[in-house]
Amino acid sequence: FDFIQYRAMGSYHAAYGLTANPDGIQSGPLGDFGWIAETPGSICVSDGRGAIRHAGRTVCDFPAFTMSTLCTGITAAVSVDHDKQTLQWVLFLGPDGQTREQCDMALPHDLIGQQLFPTFSSTSSGGISVRVRADSPGAPQWQSCEVDVDALEKTEPHMEEEQVEEET
């Protein structure tokens, strides 16, 4: 998730994570698309205080992912290793992205072996624009979707696909 624009507001503004059921988030237990980890089969980290949440509870902390450290130009990533049953949350900070903060944790049992989709949410207060990038060793292609979150109601995101050249 590349933060094209980020402006801190309120006590919670953005979250990113993974879900096995992207359509289920909208009709989740709280009836609000912004509550990724309150929906079964989902996990996310929030910029409110860097809490990593799953199944409606905090399971780990990633204090680097807070409003005080986030800014325009950072990249946030999450990597899943189903074989090792681990998740790695990474934040690339600084003007050149060279400062790296990470949080490693066990992959929650109910997510092991599930197809997981990258998910981003923000409050309706605006000030955020992100580019979502997905790379999977099982599907060697690049998918990019750049979305101005403030304009979601007005336009559909533009999807692009490019082949990734395999290294030999």
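**View 1. The aromatic cluster.** Phe1, Phe3, Tyr6, Tyr16, Phe65, Trp89 and Phe120 make up one aromatic cluster. The model is predicted, so local features need pLDDT of at least 70 and side-chain atom pairs count only at pLDDT 80 or more, whereas totals for chains, interfaces and linings use all residues. Residues are numbered from 1 along each chain as its sequence is written, and side-chain values use heavy atoms, with hydrogens and water left out. Rings of Phe, Tyr and Trp (its six-membered ring) are taken as a pair if their centres lie within 6.5 Å; planes under 30 degrees apart count as stacked, over 60 as edge-to-face and the rest as tilted. By this rule there are 7 aromatic pairs. Among them is the edge-to-face pair of Phe3 and Tyr6, with 5.7 Å from centre to centre and 70° between the planes. Phe3 is buried at 2% relative accessibility, and Tyr6 is buried at 7%. The term buried means under 20% relative accessible area, exposed means over 50%, and partly exposed lies in between (1.4 Å probe, protein chains only).

**View 2. The pair of Tyr16 and Phe65.** The rings of Tyr16 and Phe65 form an edge-to-face pair, 5.1 Å centre to centre and with 65° between the planes. Tyr16 belongs to strand β2 and Phe65 to the loop between β5 and β6 (75-81), so the pair ties together parts that are 49 residues apart in sequence. Helices (H or I, at least four residues) and strands (E, at least two) are DSSP runs, numbered from the N terminus. Tyr16 is buried, with a relative accessible area of 0%; for Phe65, also buried, the value is 0%.

**View 3. The open sheet.** An open sheet is formed by 5 strands in the order β5-β4-β3-β2-β9, with antiparallel pairing. At its edges stand β5 (57-61) and β9 (117-122), each with a single partner strand, so one side of each is left without a neighbour in the sheet. From one strand to the next, the twist averages 25°; axes are lines fitted to C-alpha atoms, for helices over the stretch in contact, and angles run from 0 to 180 degrees between N-to-C directions. Two strands pair if DSSP finds at least two bridges between them. Strand β2 (residues 14-19) pairs with β9 in the antiparallel sense over 6 bridges, and Ala14 stands opposite Ser122 in β9.

**View 4. Thr119 in strand β9.** Thr119 is found in strand β9 and is buried at 7% relative accessibility. A polar atom of the Thr119 side chain lies 3.1 Å from the backbone oxygen of Phe117. When residues up to four places away in sequence are not counted, Thr119 touches Phe1, Ala15, Tyr16, Gly17, Leu18, Thr19, Ile25 and Ile36. Contact here means heavy atoms within 4.5 Å.

**View 5. Ala20 beyond strand β2.** Ala20 is located in the loop between β2 and α1 (22-26). This residue is partly exposed, with a relative accessible area of 26%. The C-alpha atoms of Ala20 and Ser42 are separated by 6.3 Å, although the two residues are 22 residues apart along the chain. Apart from its neighbours within four places in sequence, Ala20 is in contact with Gly41, Gln114, Gln115, Leu116 and Phe117.

**View 6. The salt bridge of Asp2 and Arg131.** A salt bridge is a side-chain nitrogen of Lys or Arg within 4 Å of a carboxyl oxygen of Asp or Glu. By this rule the model has 3 salt bridges. One of them joins Asp2 and Arg131, whose closest N and O atoms are 3.0 Å apart. Asp2 lies in strand β1 (residues 2-6) and Arg131 in strand β10 (residues 128-136), so the pair ties together parts that are 129 residues apart in sequence. Asp2 is buried at a relative accessible area of 6%, while Arg131 is partly exposed at 25%.

View 7. The side chains of Glu38 and Arg53 meet in a salt bridge of 3.0 Å, N to O. Glu38 is in the loop between α1 and β3 and Arg53 in strand β4 (residues 51-54), so the pair ties together parts that are 15 residues apart in sequence. Arg49 forms a salt bridge with Asp61, with 3.4 Å between the closest N and O atoms. Arg49 is exposed, with a relative accessible area of 52%, whereas Asp61 is partly exposed at 43% relative accessibility.

Definitions and conventions: A polar contact is a pair of N or O atoms within 3.5 Å; within protein, one must be able to donate a hydrogen and the other to accept it, and residues adjacent in sequence count only if both atoms are side-chain atoms.
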